[in-house]
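Thanks for asking me to look this one over. Below are my notes as numbered points, to read with the structure open beside you.

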Amino acid sequence: MKLIKPRFVSDELKLLRCLHSRMGFPVDDLRRYENLEKGFKGEQLFDKWSEDILIDGLILNDLLFEVNNTVFQIDSTLISQETLFQFEVKNFEGDYCLDGDKWLTQSGSTIRNPLHQLERSEILLKQLLQNNGYNMHIESYLIFINPNFHLYQAPINQSIIFPTQLSRFLDKLNRTPSKLNGKHSKLAETLVSKQTYQSPYKRLPNYDYDQLEKGICCPHCRAFLDETLKCKCGFEEAPSTAILRSIEEFRWLFPDEKLTTNGIYEWCKGKVSRKTIRRMLSTNYNLVGRAKTSHYIVKS
Ligand SMILES: [Zn+2]
């Protein structure tokens, strides 16, 4: 198995992490943020599991497409000789119950039926393949990766893989005869190139500069570093890298704001000297404008 497209933290989750350390979230945004974190953890578990797929195959993670004005994302895709496998990964934890077609959590609230989501993306994926001249067989699976998940009244459905079935499912995948050729690599390239883009800024909670807490956030636990650039989690950092990270975070959150020494000094809550900030900015960015209007821009 060859990993063609690795998984990264999505732009949206990156931005939410930056914001969450610096402001309180309204309930809905908080839930959304926590779900994204949880989902990402599940996908990482899945990636670990998928390292044991041994057949000749290509893996592409986090593909985002738009077909028929519908945007859909596929957590993981495996191209084998005859079949394209799509995996929807769920990191559900605790007890869930099926009531007919309805999926209920233990507290009784209804969630979106993940099987419908899976079916929908299979239809759209099939169409995308056909539009690009491919007529490949697709198999779709809903993977429940969390060992603490249980579904009461579970139906017998070949598309659902429960945590206790993961190792048998892996054996089954590894028995799939597969020998890839140039056509399969071309298909992988096509899938990567046909992706769409969604701005991560649209779905963020409202925020403005004044409302955000200033300081330098730890890259591991997102708490603020102290005066000596140490974190309570044990992490410590040199001023230069702490500044570069803070600049990047500032640019992420405020793509339209000007980058200045004073601005970054305030953003870091004075935890690092203006002199070092100026040095990091002038080494890594280009200075434009004069005197009071001067600021830094990304090197082209
Ligand atoms: Zn930390």
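1. Strand β4 is covered on both of its faces in this predicted model. On one side sit Thr 83, Phe 85, Phe 87 and Val 89, and on the other Leu 84, Gln 86, Glu 88 and Lys 90, and all of these are buried. As a reminder, side chains in a regular strand alternate between the two faces of the sheet. Since eight of the eight residues in β4 (83–90) are buried, the strand is largely enclosed by the rest of the structure.

2. What are the pairing partners of β4? On the antiparallel side there is β3 (residues 70–79), joined to β4 by four bridges. A hairpin of three residues links β3 to β4, and Ile 79 has Leu 84 as its bridge partner. With β8 (residues 137–144), β4 pairs in the parallel sense over eight bridges; there, Thr 83 stands opposite His 137.

3. The other sheet I would point you to is an open one of four strands, in the order β7-β6-β5-β9, with mixed pairing. Its edges are β7 (110–111) and β9 (149–152), each of which pairs on one side only. β5 (residues 94–99) runs parallel to β9, with four bridges between the two strands. Cys 97 has Tyr 152 of β9 as its bridge partner.

4. Next, the metal site. The zinc ion takes its protein donors from the SG atoms of Cys 218, Cys 221, Cys 231 and Cys 233, lying 2.3 Å from the ion. Along the sequence, these donor residues follow the spacing C-x2-C-x9-C-x1-C. The angles among the four donor atoms run from 95 to 118 degrees, and the site is tetrahedral. For comparison, the ideal angle for four tetrahedral donors is 109.5 degrees.

5. The largest pocket holds about 1900 Å³ of space. It is lined by 43 residues, and the closest to its centre are Glu 12, Leu 36, Glu 43, Gln 73 and Asp 75. Elements giving two or more residues to this lining are α1 (11–22), α2 (27–50), β2 (58–67), β3, β4 and α3 (114–131). The most comes from α2, with nine residues. Sorted by class, the lining has 15 nonpolar, 11 polar and 17 charged residues.

6. The second largest pocket has a volume of about 330 Å³. Its lining consists of Lys 14, Leu 15, Arg 17, Cys 18, Pro 219, Arg 222, Arg 245, Glu 248, Glu 249 and Trp 252. Here α1 and α6 (239–253) are the elements that give two or more residues. By class, this lining has four nonpolar, no polar and six charged residues.

7. Two backbone angles deserve a glance. Most residues other than glycine have a negative phi. Asp 62, in strand β2, has a positive phi of about 50 degrees although it is not a glycine. Lys 269 also has a positive phi, near 55 degrees, and lies in the loop between α7 (261–267) and α8 (274–284).

8. One more residue to look up is Leu 287, in strand β11 (residues 285–288). At 51% relative accessibility, Leu 287 counts as exposed, because the cut-off for that class is over 50%. Leu 287 and Pro 200 are 87 residues apart in sequence, and their C-alpha atoms are 28 Å apart in space.

9. Finally, some overall numbers for your notes. The chain has 300 residues, 44% of which count as buried. It contains eight helices and 12 strands. The C-alpha trace spans about 65 × 50 × 35 Å along its principal axes.

Technical notes. Residues are numbered from 1 along each chain as its sequence is written. This is a predicted model: local features need pLDDT of at least 70, side-chain atom pairs count only at pLDDT 80 or more; totals for chains, interfaces and linings use all residues. Side-chain values use heavy atoms; hydrogens and water are left out. Buried means under 20% relative accessible area, exposed over 50%, partly exposed in between (1.4 Å probe, protein chains only). Two strands pair if DSSP finds at least two bridges between them. Donors are N, O and S atoms within 2.8 Å of the metal (3.2 Å for Na, K and Ca); water is not among the atoms, so sites may look incomplete. Four donors count as tetrahedral if all angles lie between 85 and 135 degrees; four count as square planar and six as octahedral if opposite donors are over 155 degrees apart and all others between 65 and 115; anything else is irregular. On a 1 Å grid over the protein atoms alone, a cavity is a set of points where a 1.4 Å probe fits but cannot get out, and a pocket is an open set with protein on both sides within 12 Å along at least five of seven lines; lining residues have an atom within 4 Å of a point. Grid points are joined across faces, edges and corners, and a volume is the space filled by probe spheres set on the points. Ala, Val, Leu, Ile, Met, Phe, Trp, Tyr, Cys and Pro count as nonpolar, Asp, Glu, Lys and Arg as charged, and the others, Gly among them, as polar.
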